[in-house]
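Have the model open in a viewer with residue selection by number. The stops below can be taken in order.

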Amino acid sequence: MAQPPAQNSTIRNVLLAGILLMLAGDFLFALNDAMGKWLVTSFSVGQVVLIRSMGAFFVLGPMVARQGAAKLFRMERLELQVLRVVMTTLDTALFYAAVVYLPLADVMSFYMAGPIYVAALSHLLLGEKVGWRRWMAILVGFCGVLIMLKPSSAAFSLSSTFALAGSISFAFAIILNRRLRGTSDTSLVTWQTIGTLLVGGFLTIGNWQTPSSLDFGAMLLLGIVSCGAHLMITRALKLAPASTLAPLHYSLLLWAVIFGLAFFGDMPGPRILIGSGIIVLAGLFIFHRQKVVDTVPPENVPKGVN
């Protein structure tokens, strides 16, 4: 049965909101990655994660106060909530552990495989339809990633294992966000921040280096930026299917080029331009193939979720 025009328009608007939030969140994540790469050259991963998590509460504190602290303990599917905290904590810690030893481009090449994992998991665990054309486009996009970010000779080191495991954790976290869309954004991001705070504190034991005021402020700012990114992406995943949003993660590559030029003086060469062109075309094709019937109608997002 055909859906009324008004309902179709609402679904399209919800999908567009999810896409825009995902793009904005990825921009903040790219900024977070560049800042984190700079900070872990001088401080331990645990210390950066610890102070970063403290900074996130500048954003989360007012949100928790507005929501009510008691609501943090009223959550759906406790086992999935715990698993999500574990996955997001692993994602954060393993990313910073990898960029200590590997170039940012190498680490990003592993993380760009995330949309492939997400597409497969969305089909298997969420029942979202992913047609063969989109599968092919995702694979073509990943080929573009490999062209852009050709791994160095250190690609098969232990550090690359950190990056690979982190990218898989990232994909699982996206799927769990989708399963837990009845839980408020505030609760989801607060608990994952508490998880990284505890792990960062544990890793810092016996490995503390007193930062300058500038470095301490930069680590706090890192937490604010990453928290904003998590909130945007968490909301986006409540508004649109994970298999639709995952390819938009490729926009990180554009920002990686811009921030690399601005912060580290890295000039993109022909390989970067060719790879980025392939990725953009693949992403546009995936968006074109998205059908309205594949979206989650707004009435499926529980009322009162914020």
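Helices α2 and α9 are oblique to each other, since their axes cross at roughly 55° and an angle between 35 and 65 degrees is neither roughly parallel nor roughly perpendicular. This is a predicted model. To see the pair, select residues 45-67 for α2 and residues 213-239 for α9; the two axes come within 7 Å. The crossing in which α2 passes α9 is right-handed.

Next, show the side chains where the two helices meet. On α2, select Q47, V48, I51, R52, M54, G55, A56, F58, V59, L60 and M63. On α9, the partners are F216, M219, L220, L222, G223, I224, S226, C227, H230 and L231. Colouring this contact by class gives 15 nonpolar, 5 polar and 1 charged residues.

**Second stop: α3 and α8**

Select residues 78-101 for helix α3 and residues 185-204 for helix α8. Their axes come within 9 Å and cross at roughly 55°, which makes α3 oblique to α8. The α3 and α8 crossing is right-handed.

For the contact itself, pick Q81, R84, V85, T88, T89 and T92 on α3, then L188, W191, Q192, G195, T196 and V199 on α8. What is the make-up of the contact of α3 with α8 by class? Its residues divide into 4 nonpolar, 7 polar and 1 charged.

Centre on Q192, in helix α8. Is Q192 buried or exposed? Q192 has a relative accessible area of 4%, so it counts as buried, the cut-off being under 20%. Leaving aside neighbours within four places in sequence, Q192 is in contact with R84, V85, T88, T89 and H230.

Now move to T92 in helix α3. T92 is buried as well, with a relative accessible area of 8%. Which residues does T92 touch, not counting those up to four places away in sequence? They are V49, R52 and T196.

Switch to ring display. A search of the whole structure finds 5 aromatic pairs. Select F27 and F259, whose ring centres are 5.8 Å apart and whose planes stand at 45°, so this pair is tilted. F27 lies in helix α1 (residues 5-39) and F259 in helix α11 (residues 251-264), so the pair ties together parts that are 232 residues apart in sequence.

Accessibility can be checked on both rings. F27 is partly exposed at a relative accessible area of 27%, whereas F259 counts as buried at 10%.

W255 and F259 make a stacked aromatic pair, with 6.1 Å centre to centre and 25° between the planes. Both of these residues lie in helix α11, 4 residues apart, or about one turn of the helix. W255 is partly exposed, its relative accessible area being 25%. To end the tour, keep F27, W255 and F259 selected together: they form one aromatic cluster.

Conventions:
Residues are numbered from 1 along each chain as its sequence is written. This is a predicted model: local features need pLDDT of at least 70, side-chain atom pairs count only at pLDDT 80 or more; totals for chains, interfaces and linings use all residues. Side-chain values use heavy atoms; hydrogens and water are left out. Axes are lines fitted to C-alpha atoms, for helices over the stretch in contact, and angles run from 0 to 180 degrees between N-to-C directions. Angles under 35 degrees count as roughly parallel, over 145 as roughly antiparallel, 65 to 115 as roughly perpendicular and the rest as oblique. A crossing is left-handed if the near helix is turned anticlockwise from the far one by less than a right angle, and right-handed if clockwise. Contact means heavy atoms within 4.5 Å. Ala, Val, Leu, Ile, Met, Phe, Trp, Tyr, Cys and Pro count as nonpolar, Asp, Glu, Lys and Arg as charged, and the others, Gly among them, as polar. Rings of Phe, Tyr and Trp (its six-membered ring) pair if their centres lie within 6.5 Å; planes under 30 degrees apart count as stacked, over 60 as edge-to-face and the rest as tilted. Buried means under 20% relative accessible area, exposed over 50%, partly exposed in between (1.4 Å probe, protein chains only).
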